[in-house]
Amino acid sequence: MPLEEPPSPSRMAPTFSRYKSDPSVARPGLAAPAPAPAASEGADSDTRPPLERFRTKPKKPLSVTDLVSPAWCELQYLKTLSKYGRKPRTQAMRNGSRIHQKLEDEVHTTVPIQVQSKEDRFGLRIWNVVSGLRCLRDTGLTRELEVWGVLQGQVVNGVIDELCHECPDAVFEEQLERARAERDGGVVPLPPGQQSIAQAFAKPSSQTDAHMWHGTLEPARQVYLADVKTRSVRSVPAGASLRPTWMQLMIYRKLLESLSLNTVDAETVFARYDVQPLEPFTATFLQEIGGTGPNEAANYPNLLSLWSLLITEMHATLPPTSLSPILRAEFRYAKTGDIIGSELTVYDTGKIDAYIAEEMAWWKGKREAKGVEMEEAFKCRICDFADECSWRKTKVEEATEKSRLRRLAREKSAV
């Protein structure tokens with residue numbers, strides 16, 4: 001559903017720290033992040049599962065991008081990984097990074113921090129999430145919020161472009177609530193902030209609920225997810241072109257909800273990143289973090305304690321039912337950053353679970369990669385591997401044969 005006026009960033013007031021490792025400071029003993037896997041001879045004939053080839057230690061874990069890129073074309077993504085190890089940086093991607101950085105700088109102030117160990121580096125990422133959640137609570141908006149989760153036994157990592165409290169389309173939201181009410185038996189939604197009879201007489205189950213029980217807290221505000229896409233043309237994509245974006249937003253929401261419910265196993269995440277949860281952060285790291293922002297940094301001397309703070313902040317920012325099912329994709333012109341338009345979709349648990357299962361089957365080598373169907377053949381026009389794609393040639397031959405059979409059938413019926 002198109003939007004005429006996407007939420008404006010003008011409502012932002014204070015800025016919150018965004019910590020980044022200081023590249024000007026030497027860090028003895030700290031290994032650089034593992035480079036992207038280089039292509040090897042005979043890559044196309046490598047029969048190992050993609051997960052083993054591209055996303056097994058010491059290579060990086062699966063990303064949300066890894067799960068949604070195949071939604072465009074699995075064969076294209078497989079060939080890209082086989083040839084380059086990662087998506088090659090294009091001018092369009094550089095323009096997109098520049099625009100994302102500008103949007104992030106509207107909300108967060110970058111602060112360089114010395115990191116001297118793997119644990120420091122991962123701790124820096126968690127502190128950024130804590131700062132981002134506090135920013136959302138205080139200003140109603142945060143950007144570039146990192147999330148982790150475990151999907152089908154695999155650690156998955158991603159960065160949500162935007163979270164805010166401002167509804168992208170109140171009319172659409174009301175229609176969605178009414179449709180849901182009719183489906184659930186015709187119960188009309190209550191006005192915002194009004195408790196149901198069951199809620200009014202229910203026993204409080206937590207400190208937050210107890211505060212609401214006595215009327216000292218307002219009901220939790222809705223949180224809306226958005227993803228920002230840059231375009232080289234001044235038009236909004238439609239149809240099959242939107243599918244990867246919708247799947248991306250749904251995976252982000254799924255990961256964020258899991259963190260807010262504390263169902264993500266921290267030990268699994270730490271093990272995948274090869275960091276020690278009880279290894280103390282370095283004194284320099286704790287001093288710099290504590291001196292630039294959160295003065296309670298000394299109370300969280302290692303990753304395990306810091307993860308506990310992360311979950312506490314998640315509970316405070318995203319209480320149950322606060323995550324809206326409305327997901328927004330915002331499209332900006334790559335050359336200028338101007339907003340072209342926006343589209344909305346609704347989170348669908350069944351749809352995203354089925355999608356994840358399907359793509360994980362490919363990543364784990366349980367099925368072969370698939371190309372696009374004929375109705376999406378337009379994708380082949382901008383694919384670097386089109387000339388060598390056997391899937392495409394097979395589909396063209398199938399379409400030619402079907403056309404020949406239809407012609408023969410018409411000629412026979414005419415006789």
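A disulfide is a pair of cysteine sulfur atoms within 2.5 Å. By that rule, this structure holds 0 disulfides. Before I go on, a word on the source: this is a predicted model, where local features need pLDDT of at least 70, side-chain atom pairs count only at pLDDT 80 or more, and totals for chains, interfaces and linings use all residues. Residues are numbered from 1 along each chain as its sequence is written, and side-chain values use heavy atoms, with hydrogens and water left out.

Back to the cysteines. Cysteine 167 is partly exposed, because its relative accessibility is 23%. Cysteine 73 is at 13%, so cysteine 73 counts as buried. The cut-offs: buried is under 20% relative accessible area, exposed is over 50%, partly exposed is in between, with a 1.4 Å probe and protein chains only.

Now the whole chain. There are 415 residues, and 44% of them are buried. The secondary structure comes to 14 helices and 9 strands. These are DSSP runs, numbered from the N terminus: helices are H or I with at least four residues, strands are E with at least two.

Next, helix H12, residues 303-317. Its 15 residues should span 21 Å at 1.5 Å a residue, and the end C-alpha atoms are 21 Å apart, so the two agree. The expected span is 1.5 Å times one less than the number of residues. Buried residues of H12 include Leu306, Trp307, Leu310 and Met314. What covers the buried residues? Helix H5, strand E5, strand E7, H9 and helix H10 are among the elements that do.

On to H9, residues 243-260, and its partner H13, residues 349-363. Their axes come within 10 Å and cross at roughly 100 degrees. Axes here are lines fitted to C-alpha atoms, for helices over the stretch in contact, and angles run from 0 to 180 degrees between N-to-C directions. H9 and H13 are therefore roughly perpendicular, a label for 65 to 115 degrees; under 35 is roughly parallel, over 145 roughly antiparallel, and the rest oblique. Met247 and Ile251 are among the H9 residues in this contact, and Tyr355 and Ile356 are among those from H13. Contact means heavy atoms within 4.5 Å.

Last stop: valine 346, in strand E9. At 24% relative accessibility, valine 346 counts as partly exposed. Leaving out residues up to four places away in sequence, valine 346 touches Phe172, Leu176, Met250 and Pro325.
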